[in-house]
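Open the model in your viewer and keep the selection tool at hand.

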Amino acid sequence: MVLLLMESAVALASPWMAGQLTGAVLGETDVMFTSVNLILVVWMILLVVKSLLSFATQYLVGRTGQTMAAGLRSRIYQHMQILPLSYSQERKQGDLLTLLSNDSEHISDFVTRTLVQLLPLIATFLGAFLIMAWLDHIIAILAALLLPVYYLATKIIGRRIRPLTAAWIKSWSAMTSLVQENLGLLPAIKAFVREPVETERFANRNYDLLAWSKRQILIQSILSPGIALLAGLGLILLLWVGLGHIESGLLETSDLVSLLLYAVMLTRPISGLANVYGNVMLTRGAAERLLDFFAVQPE
């Protein structure tokens with residue numbers, strides 16, 4: 001998280017450097033750096049530092065996520081061993097395999113790739129907003145007023161993800177159980193020439209899984225671009241106001257460039273938070289199944 005915050009801080013410096021470069025090129029006197037070459041050198045150093053921080057965070061987060069998933073799978077398997085036989089007989093084997101594979105991966109990915117990313121997303125958003133307020137408080141207030149619109153859109157679109165995920169898991173478990181059952185009875189299937197029947201059964205389960213997958217992908221595909229579209233429209237509104245301030249002498253050209261880039265940075269956390277909401281819905285289903293599983297105690 002410290003590395004992610006450092007990466008966010010370096011990223012927030014880039015729009016400011018762009019404004020400094022614009023001011024130096026136009027010959028403005030209120031910029032900190034007047035040398036274009038110096039600005040370019042400092043900017044290149046910032047890009048190198050950001051790349052190194054990105055490498056370190058991706059490696060550390062990926063390694064930690066896999067370690068968490070491995071530990072969770074071990075705990076699930078150990079709990080399976082101590083449960084009574086009636087528990088396994090009453091449930092499909094596909095449900096247990098889903099706990100070991102999909103659900104454990106969802107939990108670890110949520111913690112390391114979604115939950116940890118929240119802090120830098122919020123830091124980037126707040127940092128960009130505060131700098132925008134320093135450059136032009138009217139535009140910053142207008143940007144803040146647009147936030148409830150983004151939240152409502154995320155809530156309306158994202159609330160359908162959770163039931164679709166539950167249906168997908170159920171369909172996946174049914175297909176996996178059918179495959180395991182048929183693999184164990186393969187000699188009998190061949191002896192009674194039931195290959196066409198079992199092929200049709202599998203095809204029906206497979207098509208059912210495909211249908212749920214398409215619905216789930218549709219909602220997830222709408223969520224992030226939809227929020228990004230609203231954020232882009234809000235960005236155009238902010239730019240329109242900013243151009244008016246340029247004409248009235250309230251903003252310098254270099255400040256407008258920085259303001260534009262910081263406004264673009266505001267849209268990234270908004271899109272990221274839309275993805276976070278979708279991942280929360282997916283993870284809630286996995287967490288509930290794991291909690292129900294661990295709640296079963298041996299006799």
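The model holds 2 cavities of 30 Å³ or more. A cavity here is a set of points, on a 1 Å grid over the protein atoms alone, where a 1.4 Å probe fits but cannot get out. Grid points are joined across faces, edges and corners, and the volume is the space filled by probe spheres set on the points. This is a predicted model, in which local features need pLDDT of at least 70 and side-chain atom pairs count only at pLDDT 80 or more, while totals for chains, interfaces and linings use all residues. Residues are numbered from 1 along each chain as its sequence is written, and side-chain values use heavy atoms, with hydrogens and water left out.

**Stop 1: a cavity**

Select Ile 139, Leu 235, Leu 238, Leu 239, Gly 242, Leu 256, Leu 259, Leu 260 and Ala 263, which line the second largest cavity. Lining residues have an atom within 4 Å of a point. Helix H9 (195-247) and helix H10 (253-295) are the elements that give two or more residues to this lining. Helices are DSSP runs of H or I with at least four residues, numbered from the N terminus. The volume of the second largest cavity is about 40 Å³. How does its lining divide into nonpolar, polar and charged residues? There are 8 nonpolar, 1 polar and no charged. Ala, Val, Leu, Ile, Met, Phe, Trp, Tyr, Cys and Pro count as nonpolar, Asp, Glu, Lys and Arg as charged, and the others, Gly among them, as polar.

**Stop 2: salt bridges**

A salt bridge is a side-chain nitrogen of Lys or Arg within 4 Å of a carboxyl oxygen of Asp or Glu. By this rule there are 4 salt bridges.

Select Glu 7 and Lys 50, whose side chains form a salt bridge at 3.8 Å, N to O. Glu 7 lies in helix H1 (residues 2-26) and Lys 50 in helix H2 (residues 36-82), 43 residues apart. Glu 7 is buried at 15% relative accessible area, and Lys 50 is partly exposed at 27%. Buried means under 20%, exposed over 50%, and partly exposed in between, with a 1.4 Å probe and protein chains only.

Next, select Glu 105 and Arg 73, joined by a salt bridge at 3.0 Å, N to O. This pair links helix H4 (residues 93-135), which holds Glu 105, to helix H2, which holds Arg 73.

Last, select Arg 194 and Glu 198, with their closest N and O atoms 3.1 Å apart in a salt bridge.

Conventions
1 Å grid on protein atoms, 1.4 Å probe; cavity = no way out; pocket = protein on both sides within 12 Å on 5 of 7 lines; lining within 4 Å.
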